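Subject: Structure for you to look at

Hello,

Here is the structure I said I would pass on. Please open it first and then read the notes below it.

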Protein chains: 2
Amino acid sequence: VPAFGRFPSAQYLVIQNRHILIDCGEGAQIQMQRFQVPLNKIDYIFISHLHGDHYLGLMGLLFSMHLQKRTQKLHLYSPAGLDEIITLQLRLSKSILNYTIAYTCFDPEEQTVLFHDDAIQVTTIPLWHKLPCAGFLFEEKRKPFKIEKHKLPEGMLIQHIVRMKSGHDVFDEEGHLLYKYEDYTLPPQRSYRYAYCSDTAYYEQIVPQISGVDLLYHEATFMENESDKATDTLHSTVKQAAMIAQMAKPVKLLIGHFSARYRELEPLLLEALPHFPNTELAIEGTTFTLEE
Amino acid sequence: VPAFGRFPSAQYLVIQNRHILIDCGEGAQIQMQRFQVPLNKIDYIFISHLHGDHYLGLMGLLFSMHLQKRTQKLHLYSPAGLDEIITLQLRLSKSILNYTIAYTCFDPEEQTVLFHDDAIQVTTIPLWHKLPCAGFLFEEKRKPFKIEKHKLPEGMLIQHIVRMKSGHDVFDEEGHLLYKYEDYTLPPQRSYRYAYCSDTAYYEQIVPQISGVDLLYHEATFMENESDKATDTLHSTVKQAAMIAQMAKPVKLLIGHFSARYRELEPLLLEALPHFPNTELAIEGTTFTLEE
């Protein structure tokens, strides 16, 4: 239930110039407009599961993209059924979108690479919830070594530079070393990883997959004194989210998906800190930047 | 498209202690919380048509009513198809609501009494739009005459009082006049009528049905300089809404459903005033009260 100005789940992720939406709760497009997120830059939408607070904003977003004259393809990933929900509502509103939706249905119980290109990869993280539900691991692939332009000899061939950027030495046709990549490059920038885990009960099985990520978002619906309620509804407490972080050792933990019973969120943060000091609250409209 | 803090259509109507929602665009429940509308007092929801900006907030509202432990029946009225949309999403989220939805599907092209009880009546107003669409006429039935207690003779029978409240004289068994109701009562309070007309092109056929209402809400998506656009999309201009009001002569005209192209709404109001002076903008969170 939305409460105290908080909205259902939706996150906007920009990674290597790819614009991604993770979950799309009711009002997502309204928030995107408020925070000046350009709707039609988004080419990928990942939906974790089919509880309303994670997808009910999608249909409105799809219509708005259409009304804003979108033509480029939209890639949509979710557990089975979302295609039916969309198709039915398009049919009943007699709407034909200007753009194509490329829909991929995944099994949330399997760890699956949903998407990869030359720069990023997205993998499902099987979670434990009332409905089949998966989180998502967003990873940058290894980045190119950085060429130190001032060190390059005049007239070096472009294919030799490309080879050194990928971290390989250059040899001539007889196999003699021509250039050592380390002499002309600096190591690549760090490749970041972000793990989104919502909704889920406390579930240690996710730890190996998310181990050492730069940023971990983990749901924390309840405080520890409501752990019975968390168990019943297959959600996590703040402490449980922090315990997962203690094991997975992300650089930073973000907690969110707070129950409507909490007007103030400071007590939730205070519950997490003793267990995992680098924790922050996922507050509407906040941007978290990972950069060296 | 929601824009400049404006939300899609949704109106909360309280009439004779009946709590009614008219249309339910995305974010309706969020606005209801902001403006302290008690979700679970609402027993009647009327949806004009199945364009997303008029119903996409419904599913989230239904789930929230469930989470807030609603048990009393909810009466839902819409053109055909909304039941399918709801049923599919309940099935896919494996949800069973705590309460019953009594669903009535109506033909928006017919003028039909959808609901009446001892105090109010709701009738469809066939409109002219891309999808079959009906507005709604909410009418208070004739109210009882007001008994002037200090004038009543001692020991007057309750059935005689009831008869006078309904505006009838009281006779004895032989047909002789016992009490003239005018001697003991004041005339009833006025019975109010509210007409909601959205979405629609300029459509004079509605005038007889809404003639003389106390409050007319008429959509006014565009200004007159975009009348081509209004014609194409079967919406109305501000001037057209005001012309309908000029013919129907409501006490007051409310205009709304403004296109996202208008950041400022003052020019729209200024366009209406020369044609119908008692016009107001339907701004989010505003309450309009009809009382003697």
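A salt bridge joins E84(A) to R91(B), with the closest N and O atoms 3.2 Å apart. Between chain B and chain A the count of salt bridges is 2. Please keep in mind that this is a predicted model.

The interface

The two chains also share 12 residue pairs in polar contact, both residues of each pair being at pLDDT 80 or more. Four helices of chain B, namely α1 (28-34), α2 (52-55), α3 (58-67) and α4 (82-92), each give at least two residues to the side that touches chain A. The largest share of that side comes from α4(B), with 6 residues. Sorted by class, the side of chain B that touches chain A holds 19 nonpolar, 12 polar and 5 charged residues.

In total, 36 residues of chain B are in contact with 37 residues of chain A. Together the chains bury about 2,800 Å², and 60% of this area is on carbon and sulfur atoms.

How the two copies are related

Is S9(A) buried or exposed? S9(A) has a relative accessible area of 9%, and the cut-off for buried is under 20%, so S9(A) counts as buried. In the chain, S9(A) lies in the segment before β1 (10-15). Not counting residues up to four places away in sequence, S9(A) touches D23(A), C24(A), G25(A), D53(A), H54(A), Y196(A) and H257(A).

Q68(A) is in the loop between α3 (58-67) and β4 (74-78) of chain A. Its relative accessibility is 39%, so Q68(A) counts as partly exposed. Neighbours within four places in sequence aside, Q68(A) is in contact with L39(A), N40(A) and V1(B). Q68(A) and N98(A) are 30 residues apart in sequence, and their C-alpha atoms are 9.7 Å apart in space.

Regards

Methods:
Residues are numbered from 1 along each chain as its sequence is written. Chains are lettered from A and ligands numbered from 1 in the order in which they are written. This is a predicted model: local features need pLDDT of at least 70, side-chain atom pairs count only at pLDDT 80 or more; totals for chains, interfaces and linings use all residues. Side-chain values use heavy atoms; hydrogens and water are left out. Contact means heavy atoms within 4.5 Å. Buried area is the accessible area (1.4 Å probe) that two parts lose on being put together, summed over both. A salt bridge is a side-chain nitrogen of Lys or Arg within 4 Å of a carboxyl oxygen of Asp or Glu. A polar contact is a pair of N or O atoms within 3.5 Å; within protein, one must be able to donate a hydrogen and the other to accept it, and residues adjacent in sequence count only if both atoms are side-chain atoms. Ala, Val, Leu, Ile, Met, Phe, Trp, Tyr, Cys and Pro count as nonpolar, Asp, Glu, Lys and Arg as charged, and the others, Gly among them, as polar. Buried means under 20% relative accessible area, exposed over 50%, partly exposed in between (1.4 Å probe, protein chains only).
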